[in-house]
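Open the model in a viewer and keep the selection panel at hand.

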Amino acid sequence: MFIRRRKGWEIRESEATPESLFFDRRTLLKGGAVAAAAVGLGLREAFAAPDPSLALYPAKRNEAFTLDRPVTPETVNSHYNNFYEFGSGKDIFDAAQALKIRPWSIKIDGLIEKPQTIAIDDLVKAMPLEERLYRHRCVEAWAMAVPWTGFPLRALIEAAQPLASAKYVRFETFLDRVMAPGQRQFWYPWPYVEGLTMAEAANDLAFLVTGAYGKPLGKQFGAPLRLATPWKYGFKSIKSITRISFVEERPKTFWEQLGPSEYGFWANVNPAVPHPRWSQASEEVLGSRERRPTQIFNGYGDYVAGLYAGLENERLFI
Ligand SMILES: Nc1nc2c(c(=O)[nH]1)N[C@H]1C(S)=C(S)[C@@H](COP(=O)(O)O)O[C@H]1N2
Ligand SMILES: [Mo]
């Protein structure tokens, strides 16, 4: 077989164009057509390109994760959010559309063999995307059920190759006071930070989310990358992640800095341990008139109860 040798100055076709341009030309053409047809629209609309990861959705559902209730309607879920970067109420959908999600890169650093900064579109292509139906229980005693798309956090850990000295994974959200008006509220300890132990992070359930409802993640949900830890209160599920660090010390989390007696590091769901200001015994099911009894570990005890053997002296449920 004749193999043509490349000269030094020649580049492969795949190197000449960013990977993301390759994987769905149709989406791009559509984007161009939309832009061309958009004369008369505002500049922002005209240049609103489709999400470059669109062609990866919907991903195949992993049937191992089942629900005990219907999926929360997308319209309900999309308009009842916690995202303090865009306001402290639930109605942040419009404000969150100011979130600029491309270009977006994630810094992966700390105690690992391969520190790197990776563009979100390269990360999603490198990771095994699947859909999972998960329950979500906010510490404020409301609950939802969501078809998330993403990949196990463990897959990223395996790629990063942590050193034995890494004890925790620390997550950080973007910091941009111009884009996110909530970040001008100086009494909050921005940026939002969360953390898990290495054992929690490597658990089957810990999931990095890139999509919901069969599409790339909506901005209000914390695009382009958020965490889902469904056995813990919702504030652990940090949105719009820009940095994942492997560290030796337990990270001081956003809510823990604000109120350590109310929002601890562990924050595992437990109906028998009340929040200092309200009961956790039951939950409001978003999009229905139902209240349901809350379950320990939000019903995921089979997956995670074993993680806490020997940690009984910790405040595991606050
Ligand atoms: N960066 C960031 N992540 C965040 C929050 C936030 O305010 N900022 N709120 C948390 C809380 S309290 C909950 S309940 C969930 C809400 O996720 P949802 O809006 O997709 O329902 O996001 C969590 N992640
Ligand atoms: Mo929450």
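Start by selecting ligand 1, which sits in the second largest pocket. A pocket here is an open set of points on a 1 Å grid over the protein atoms alone, with protein on both sides within 12 Å along at least five of seven lines; lining residues have an atom within 4 Å of a point. A molecule sits in a pocket if more than half of its atoms lie within 2 Å of the grid points. The model is predicted: local features need pLDDT of at least 70 and side-chain atom pairs count only at pLDDT 80 or more, while totals for chains, interfaces and linings use all residues. Residues are numbered from 1 along each chain as its sequence is written, chains are lettered from A and ligands numbered from 1 in the order in which they are written, and side-chain values use heavy atoms, with hydrogens and water left out.

Next, show the pocket itself. The second largest pocket holds about 380 Å³ of space, a volume being the space filled by probe spheres set on grid points that are joined across faces, edges and corners. Its lining has 26 residues, and Asn 82, Phe 83, Tyr 192, Gly 234 and Phe 235 are the closest to its centre. Colour strand β4 (residues 142-152): this strand gives the most to the lining, with 3 residues. Helices (H or I, at least four residues) and strands (E, at least two) are DSSP runs, numbered from the N terminus.

Now select the residues around ligand 1 (a heavy atom within 4 Å). There are 18, and Asn 81, Tyr 84, Glu 85, Ser 237 and Lys 239 come nearest. Which atoms of the protein make polar contacts (pairs of N or O atoms within 3.5 Å) with the ligand?

- Lys 239: a polar side-chain atom is 2.6 Å from an oxygen atom of ligand 1.
- Ser 237: a polar backbone atom is 2.8 Å from a nitrogen atom of ligand 1.
- Arg 226: a polar side-chain atom is 3.0 Å from an oxygen atom of ligand 1.

Ligand 1 taken alone exposes 530 Å², of which the protein buries 99%; the areas come from the Shrake-Rupley method with a 1.4 Å probe.

A cavity is a set of grid points where a 1.4 Å probe fits but cannot get out, and the whole structure has 2 cavities of 30 Å³ or more. For the largest cavity, with about 80 Å³ of space, select Asp 51, Ser 53, Arg 102, Thr 210 and Pro 224, which lie nearest its centre among 13 lining residues. Helix α7 (residues 120-126) gives the most to this lining, with 3 residues.

The second largest cavity has about 40 Å³ of space.

The last stops are on the backbone. Pro 224, already selected beside the largest cavity, is joined to Ala 223 by a cis peptide bond with omega about -5 degrees, in the loop between β8 (215-216) and β9 (226-228). Another cis bond runs from Trp 190 to Pro 191, with omega near -5 degrees; Pro 191 is in the loop between β5 (168-173) and β6 (193-197). Finish at Gln 161, in the loop between α8 (153-160) and β5, where phi is positive, near 55 degrees. Most residues other than glycine have a negative phi, and most peptide bonds are trans.

Key:
A polar contact is a pair of N or O atoms within 3.5 Å; within protein, one must be able to donate a hydrogen and the other to accept it, and residues adjacent in sequence count only if both atoms are side-chain atoms.
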